[in-house]
Amino acid sequence: MNRLTRNHTFGQKDIYLSWFYLFIGSFLAGVFIMNMGNEALLPENGLFSASSVNRLKYIEIDNNRFFQYVLKHRMGEGAVLILLSSTGIGVLSIYACIIFEGMLTGMTITAAIMRFGVKGLLLLLGGMFPHQLLLIPAAIMLLGWCYENCSREHNQGEYISAYYGSRKQRFLRQGIGLLWIMTVILIGCILESYVNPILISDLVKIF
């Protein structure tokens with residue numbers, strides 16, 4: 001490993017590690033906010049309420065329409081990040097996304113446990129399986145791709161990974177990387193729409 005590659009490897013680790021710490025800090029902030037404002041943030045007919053869980057027992061999902069909704073939602077979020085990555089606020093949008101997702105995750109997990117204890121945690125974990133096994137890595141890869149894109153446009157030389165070859169070759173690698181990420185997201189959406197509802201319908205029977 002030459003010196004340049006070694007520097008880029010350490011830079012990549014530092015960037016992803018900083019994102020991890022930011023996510024954990026935001027997660028803990030979400031837990032704190034939910035605990036402090038549970039009466040206002042967790043109404044009786046709101047998220048993880050008994051009535052909302054009971055509705056899951058009898059709801060009939062149109063998997064095709066659900067797939068269209070999920071695909072539009074996931075791809076739409078990705079498209080916004082990609083567009084922002086070509087602007088001067090690309091890096092800022094990445095950090096804002098990490099903070100938002102960290103706080104949302106902390107608040108959601110706390111709400112589930114406050115409502116139903118261990119059963120709430122099981123329901124939440126079931127709601128994430130199996131699609132999040134693909135969507136979470138895809139989200140991290142997309143953030144990395146967007147960081148690279150923004151750095152290449154506005155902060156020359158500050159890349160996550162080393163790129164060699166002509167400008168055309170670099171764009172080709174970038175395009176292939178984005179296509180791979182979108183393919184993983186597509187597969188995750190299929191699992192979320194057609195597999196996860198089956199698991200959820202079984203899990204809600206314990207309530």
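Colleague: Which residues of α6 meet which residues of α9?

Modeller: In this predicted model, Leu122, Leu123, Gly126, Gly127 and Met128 of α6 meet Asn196, Leu199, Ile200 and Leu203 of α9. The residues of this contact comprise six nonpolar, three polar and no charged. Gly counts as polar in this division.

Colleague: Why is α6 called roughly antiparallel to α9?

Modeller: The axes of α6 (residues 118-128) and α9 (residues 196-203) cross at roughly 165°. Angles over 145 degrees count as roughly antiparallel, and therefore α6 is described in that way relative to α9. The two axes come within 8 Å, and the crossing of α6 past α9 is right-handed.

Colleague: What makes a set of residues the largest nonpolar core here?

Modeller: A nonpolar core joins buried residues of the nonpolar kinds listed for it through side-chain atoms within 4.5 Å, and the largest such set has 21 residues. Those with the most contacts inside this core are Trp19, Ile82, Ile94, Leu142, Cys146 and Ile185. At least two of its residues come from each of α1 (3-36), α4 (63-85), α5 (90-116), α7 (132-154) and α8 (167-194). Helix α7 gives the most, with seven residues.

Colleague: What does Cys146 touch, not counting residues up to four places away in sequence?

Modeller: Cys146 touches Leu81, Ile82, Ser85 and Ile94.

Methods
Residues are numbered from 1 along each chain as its sequence is written. This is a predicted model: local features need pLDDT of at least 70, side-chain atom pairs count only at pLDDT 80 or more; totals for chains, interfaces and linings use all residues. Side-chain values use heavy atoms; hydrogens and water are left out. Buried means under 20% relative accessible area, exposed over 50%, partly exposed in between (1.4 Å probe, protein chains only). Helices (H or I, at least four residues) and strands (E, at least two) are DSSP runs, numbered from the N terminus. Contact means heavy atoms within 4.5 Å. Axes are lines fitted to C-alpha atoms, for helices over the stretch in contact, and angles run from 0 to 180 degrees between N-to-C directions. Angles under 35 degrees count as roughly parallel, over 145 as roughly antiparallel, 65 to 115 as roughly perpendicular and the rest as oblique. A crossing is left-handed if the near helix is turned anticlockwise from the far one by less than a right angle, and right-handed if clockwise.
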